[in-house]
Amino acid sequence: MGYFPTWRPATGATVLPDEKLPWAAAVPMSVQHLLAMSGSTILAPLIMGFDPNVAVFFSGIGTLLFFFITGGRVPSYLGSSFAFIAVVMAATGFAGGGTNPNIGVALGGIIAAGLVYAVIGLIVMAAGTGWVERLMPPAVTGAIGVSIGLNLAPVAVGQLKGSMAHLGIALATVLCMAMVSAYGTRTTRRIAVLIALAFGYGLVLVVGNGAGIVPGIDFARVGQVPWFGMPNFTAPQFDWTAISMIAPVAVVLVAENLGHIKALGAITGQNMDRYIGRGFLGDGLATMIAGAGGGTGVTTYAENIGVMAMTRVYSTLIFPIAAVAAIILGLSPKFGAILQTIPAPVLAGLAVSVFGLIASAMARIWVDNRVDFSDPRNLFTVGVALILGAGDFTVTIGGFALGGIGTSTLAALVIYQLLGIGRDRRAA
């Protein structure tokens, strides 16, 4: 068996990872994946004060890198990771709105997280995934994920503050996303963030640019920039305090990617466990490359897994096409200028929706895996981790600072293992 599969033409309704579609079908499918990832990939950098154009560009670069490192055998798109938001904002002192003036130190931390993640990938490639699954069972991964969502709550609430018109637009955006998620078709539910963004944007055009009730959208810069040009890359700065706060996110990315690859194995009917180490390595290196140029850390996207589950098209060749399209968009300053015009109340509404969904979606891990909360081991692991994460408990020793996500992650990992000492394996 070669490093890359020999893609054969698809013949059935289900298109397997090592099958290919004709161009006439492959291009529209890649556009669908591009739309599915775009809402979150654009939103995360805007909340952190990064350039969304650069993030989109590096999402394409990262997806191509992931494709080659996994040998074209794991169908995935890599987009902006929300796991970095809380630690980046804490490390840079950024409260939201506009451009983050301390982006350099955040990028150094993102590179460090990517390095840790890549090293874990190499270890998994050599030793297998058993140790990861024992270290991070569902009780632990769920606790870490929910802590991220709760840790972000003050950020979202802070962005809601403003006039009643500002609050009204933000809440209307939340309601739009909720309605699409609850009543939309399977296709529209996959791009609920994008639809809510477009709705909120249109609402500001009506009540702002049209009626003058709120500040309107200023399109002056959009007309001044060219259609094509290089993104505004930013050089990283390596600050030990920022690195110590951001690097632990690697553990979250491991848990997230592990779940995604196992989910892909389940829906495709092909065991992909042997590619988990390669997936970690590819995602880690992609995160390092993104951090080196001004992009956000990246991760495999559940939105795109949802598109695959819906369409039953799992061909890995779809994703390089989507990645190239993202790179082309990233090379358009005009596209980036349009993204920068997204109004503050719309971003606030999207933040409330997405951060809440992070917490609730990660809580689903406990339900799906039937975590027993009558077991004190699980109860204390989850309880302590949630309090430390939601309260943003930070430990500072000299120049070393471990923020709320880091302390929550460390507590979940340590408490679960300590409370397992001497237990019957069946009770664990």
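# Briefing: fold, core and selected residues of a predicted chain

The secondary structure of the chain comprises 20 helices and 6 strands. The model is predicted. A compact globule of 428 residues would have a radius of gyration near 22 Å, and the 21 Å of the chain agrees with this. Of the 428 residues, 54% count as buried.

**Overall dimensions and contacts**

- The C-alpha trace spans about 70 × 55 × 45 Å along its principal axes.
- The accessible surface of the chain amounts to about 17,600 Å², and carbon and sulfur atoms contribute 68% of that area.
- Among contacts with a separation of 6 or more, 80% link residues 24 or more positions apart.

**Nonpolar cores**

- In soluble globular proteins, nonpolar side chains tend to be buried together.
- The largest nonpolar core of this chain contains 101 residues, and F82, F84, I85 and F355 have the most contacts inside it.
- A second, separate core has 5 residues, including V54, F57, F58 and A290.
- Apart from neighbours within four places in sequence, F82 is in contact with S40, L43, A44, I148, L152, Y301, V354, F355 and I358.

**Helix α3**

- The buried positions of α3 are I85, A86, V87, V88, M89 and T92.
- Just after α3, G93 adopts a positive phi of about 65°.

**Helix α15**

- Helix α15 runs through residues 302-311, and its buried residues are N304, I305, G306, V307, M308 and M310.
- R312 follows α15 and has a positive phi, near 60°.

**H166 in helix α8**

- H166 belongs to helix α8, which covers residues 164-183.
- The relative accessibility of H166 is 14%, so this residue counts as buried, the cut-off being under 20%.
- Leaving out residues up to four places away in sequence, H166 touches Q159, L160, K161, V214, A344, P345 and A348.

**V74 in the loop between α2 and β3**

- V74 is located in the loop that joins α2 (52-69) and β3 (78-80).
- Despite this loop position, V74 is buried, because its relative accessible area is 3%.
- The contacts of V74, not counting residues up to four places away in sequence, are F66, I261, L264, M272, Y275 and T316.
- V74 and L34 are 40 residues apart along the chain, and their C-alpha atoms are separated by 17 Å.

- W23, V27, V31 and L35 make a nonpolar surface patch of about 390 Å².
- V27 lies in helix α1, which spans residues 23-48.
- V27 counts as partly exposed because its relative accessibility is 36%, a value between the cut-offs of 20% for buried and 50% for exposed.
- V27 is therefore partly exposed at 36% relative accessibility, whereas H166 is buried at 14% and V74 is buried at 3%.

Methods
Residues are numbered from 1 along each chain as its sequence is written. Side-chain values use heavy atoms; hydrogens and water are left out. Buried means under 20% relative accessible area, exposed over 50%, partly exposed in between (1.4 Å probe, protein chains only). Helices (H or I, at least four residues) and strands (E, at least two) are DSSP runs, numbered from the N terminus. Contact means heavy atoms within 4.5 Å. A nonpolar core is a set of buried Ala, Val, Leu, Ile, Met, Phe, Trp, Tyr and Cys residues joined through side-chain atoms within 4.5 Å. Patches are made of residues with over 30% relative accessible area and no salt bridge: like charges are joined within 9 Å, nonpolar side chains (Val, Leu, Ile, Met, Phe, Trp, Tyr) within 5 Å. Accessible areas come from the Shrake-Rupley method with a 1.4 Å probe; for residues, only the protein chains shown count as cover. A salt bridge is a side-chain nitrogen of Lys or Arg within 4 Å of a carboxyl oxygen of Asp or Glu. The radius of gyration is taken over C-alpha atoms; the globule rule is 2.2 Å times the number of residues to the power 0.38.
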